[in-house]
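Student: I have the model open now and would like to go through some local features with you. Could you pick a place to start?

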Amino acid sequence: MADIIGGIATSHTPTIGFAVDAKKQDDPVWKPIFEGYVPVQDWLEEKKPDVIFYIYNDHMTSFFADHYSHFALGVGDTFHPADEGGGPRDIAPIEGHPALAQHIAEAMVAQEFDLSYFQNKGLDHGAFSPMSLLVKLEEHDGWPMKLVPLQVGVLQPPTPTPLRCYKFGKALRRAIQSYPEDLKVVIAGTGGLSHQVHGERAGFNDPEWDAEFMDRLVNDPESLTEITIAEYARKGGWEGAEVVMWLLMRGAMAPKVKLLHQAYYLPSMCPIATMLMEDDVEDRPEAEIESLRRRKDEQLEGAEQLEGTYPFTIETAVRAFRLNNFLHELVKPEKRKIFVEDEERAFEEAGLTEEERVLVRNRDWQGLIHYGVIFFMLEKLGAVVDVPNPHIYAAMRGESIEDFQKTRNAAITYSVAGTDKQQA
């Protein structure tokens, strides 16, 4: 069974990543940053967690105002550093844990928390800046643990409330504990502490509030759920209100914890703080956990018995991402033009396997579904290659279009093709 072995709270300012990349560990101004993480590094080396569940917010890098979610769970098999404007950091990608992510998603939904899911998106400094100092990367060939990231939408109000984040953490605890395989999981909450980076109030800090917040996080976390976002911003700066992600981490810990380490250093715009804690009381109600295991599967129970039905699960989305993504890219005129003019070039640029290329070349609609392509990508391919929807339906059923139309009330034809076909 999976166990939560500890919780980490850390700032995620880009200052940390810069210090690592610039090798500032011996510079007197920067050295306290490195020293603050040493006990955490040592603890991780000793405990050897299998997975770190990493709570962060993206800084309008991979999650922009065109689609901004409260809670977005990373379900991919690999996560790369994002390009934030000057090229990505020279740091290795980290392996994900799609099976644990899918389990968490199912268990969270069963507890009335609605999520969005992401993969193939770069993680910006909110993730990789402190991650690169939590781990002694120079002593490992790559990352020594896997990652399941949770992106929390704290930048665009209305944002998740402090109470919602704390409750999310409590539900997350049961979700992880209900995972049937033996895994050691660490929860990391990031952001803060007091700072503001925009407007005339830029540069605001309050070390006294930071100290109070850290003390209450350990000893009285529920009191922190009663503070509004505006009050968090008044006390700790507008961007400092992101400390609700620390509260989410704390919710995933036992009601009583022991503080193993705490560090705080304010060199410039944002404090660089770390906290390390472990449960100090047993909190694993097996009957409740077993009930959650059953409930998480209720909604899809029996779906596997529906003949000719293939739910597009998280597992499917991760496994067949490359081909689904290739077909989705056909909504872009420049990608569509390459495909229409030279399919083989399009296949090569997308890095499709031979099996995937054959499925697309042959317009094997049924085979594409069996492979894990969601129908709505077939619909897009059909629009590009001038195959109407009813022809695709017929092919999936193994029928001629004439026989399929006999099963309909009207023999109509249509597709989602738009202006390209109208102008042809």
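Tutor: Let us start with Met 60, which lies in the loop between β2 (51–56) and β3 (71–74); helices (H or I, at least four residues) and strands (E, at least two) are DSSP runs, numbered from the N terminus. Please keep in mind that this is a predicted model, in which local features need pLDDT of at least 70 and side-chain atom pairs count only at pLDDT 80 or more, while totals for chains, interfaces and linings use all residues. Residues are numbered from 1 along each chain as its sequence is written, and side-chain values use heavy atoms, with hydrogens and water left out.

Student: OK, and what is the phi of Met 60 like?

Tutor: Met 60 is not a glycine, yet its phi is positive, at about 55°. Its relative accessible area is 31%, so Met 60 is partly exposed, where buried means under 20% relative accessible area, exposed over 50%, and partly exposed in between (1.4 Å probe, protein chains only).

Student: And Asn 120, is that buried or exposed?

Tutor: Asn 120 counts as exposed because its relative accessibility is 55%. Asn 120 is found in the loop between β6 (116–118) and α4, and although it is not a glycine, it has a positive phi of about 60°.

Student: Switching topic, which peptide bond ending at Pro 158 is it, cis or trans?

Tutor: The bond from Pro 157 to Pro 158 is cis, with omega near 0°, and Pro 158 sits in the loop between β7 (146–152) and α5 (162–177). The bond from Gly 192 to Leu 193 is also cis, with omega near 0°, and Leu 193 lies in the loop between β8 (183–190) and α6 (207–219).

Student: How many disulfides does a search of the whole structure find?

Tutor: It finds zero disulfides, a disulfide being a pair of cysteine sulfur atoms within 2.5 Å.

Student: Last one, at what angle do α1 and α4 pack?

Tutor: Helix α1 (residues 14–21) and helix α4 (residues 125–134) pack at about 45°, with their axes 8 Å apart; axes are lines fitted to C-alpha atoms, for helices over the stretch in contact (heavy atoms within 4.5 Å), and angles run from 0 to 180 degrees between N-to-C directions. That makes α1 oblique to α4, since angles under 35 degrees count as roughly parallel, over 145 as roughly antiparallel, 65 to 115 as roughly perpendicular and the rest as oblique.
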